[in-house]
Amino acid sequence: MAAIGVLVARENGWSLPTCPEGETRANGSNWVEVVSKPYTLDKIYLSMTGPSGNHPVTCLLPHAKPQLVWLTGLRTEVLDADNRETISPEFCCHANLTFDPKRISPERHNAEFDNSTHMDWRFFTLVPGRLQESLPAGYGMPVRSDTPLDFFTMSLNLNVPDRAVKVRFKTTIDFVRDADLTVPMKPLFRRALYVVQPLAGSGMEHMKMCTSMAHPGEGCVEPMATNVVGGVATMKGGVQAQFGNDVTYHWMVPPGRHTYRVKAAANQLNLAASTTLHYATAHLHPYGESLELYDLTTSQSVLKIQAEDFRDKVGVKHMGEFQSASGIVVNPSHQYELRAEYNNTTSKDVDAMAILYLYLLENDFHYPPKSGMLAKR
């Protein structure tokens, strides 16, 4: 079971004693820093097999009255666990900022905003090659400052089999207080689109990955409300009911170059009307070159995220991103396709996955009139 860190607040120079399990500090205005417990990597840990843990973030503004804030980004560094110096980012498998599944759900959050928001379980996902996500200036995701959040981190080791590496994740949650704005923020919500492949013939190695989903930030797949009980997704191995029982989101890529295409499922986008896309990035494994969103209705590419691997070791060095203040129209009446490119330059099968993260404009966001805290200024 994932260990839970201890909350440590620091503001205006005052601090509580730190705890070796994990720590959190806030500057009282626009960021919260979370440092994970230490993880020991004493052997090779493939995707979804490394040490991990979750860390509650009880309140973004622990010494202020509850109020509306806007999440604008997430960034992390991999540290030496002992001296806290920054080391290679290759030891990060993924990190997810989510709702705290023990205390709140996306449905409850959306209801608090009179269902004018359409959030899912996760706010941000950091992956190899993309350890920072920043929404375009003037855009954010609205939450109450006292909304209980949770931060999940998992480590990875693809290259160091002969010595132990001890790591921590130091992560900053960026946000803006609505009361400080002179121009209203534009609200975004997040969606994740997945490439899936037939279970038959995909290889059995995928069964070692994502075998548990005890926390909505633990696995690669975004839990859907209909597939979650108390924050825990119902799944088995590389199979999840939201995709069907005959496909997997983890598969094996034979040597050589391969293209994987799959129509974007309507239940993944879950859009009631056309909207605009303002930020996107992707999650690919090593040897993945790109992930494209293609509009089959117009026969045009919507966007293409490129990936770059390390040249001297296994791992994703850089994952591209898309940012746009003006945005790209996404129409729920159109058919979209995901196109993942892998180039396996080894002589054996390698594990693969491909996820596209989209941040879309809320069409009808309004400040709920329930309380002065969230009332429009």
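How many disulfides does the count come to? The count comes to 0 disulfides, a disulfide being a pair of cysteine sulfur atoms within 2.5 Å.

This is a predicted model, in which local features need pLDDT of at least 70, side-chain atom pairs count only at pLDDT 80 or more, and totals for chains, interfaces and linings use all residues. Residues are numbered from 1 along each chain as its sequence is written, and side-chain values use heavy atoms, with hydrogens and water left out.

**View 1. Cysteines Cys92 and Cys59.**
The closest cysteine sulfur to that of Cys92 belongs to Cys93. The two sulfurs lie 7.1 Å apart, too far for a bond. Cys92 is buried, at 0% relative accessible area. Buried means under 20%, exposed over 50%, and partly exposed in between (1.4 Å probe, protein chains only). Cys59 has a relative accessible area of 21%, so this residue is partly exposed.

**View 2. Gln268 and the backbone of Tyr194.**
Gln268 sits in helix H2, residues 266-269. Helices (H or I, at least four residues) and strands (E, at least two) are DSSP runs, numbered from the N terminus. Gln268 counts as buried because its relative accessibility is 10%. The Gln268 side chain reaches the backbone nitrogen of Tyr194 at 2.9 Å.

**View 3. Val34 and Ile173.**
Val34 belongs to strand E5, which spans residues 31-35. Its relative accessibility is 2%, so Val34 counts as buried. In sequence, Val34 and Ile173 are 139 residues apart. In space, their C-alpha atoms are 7.9 Å apart.

Definitions and conventions: Polar contact = N/O pair within 3.5 Å; in protein donor to acceptor, adjacent residues only side chain to side chain.
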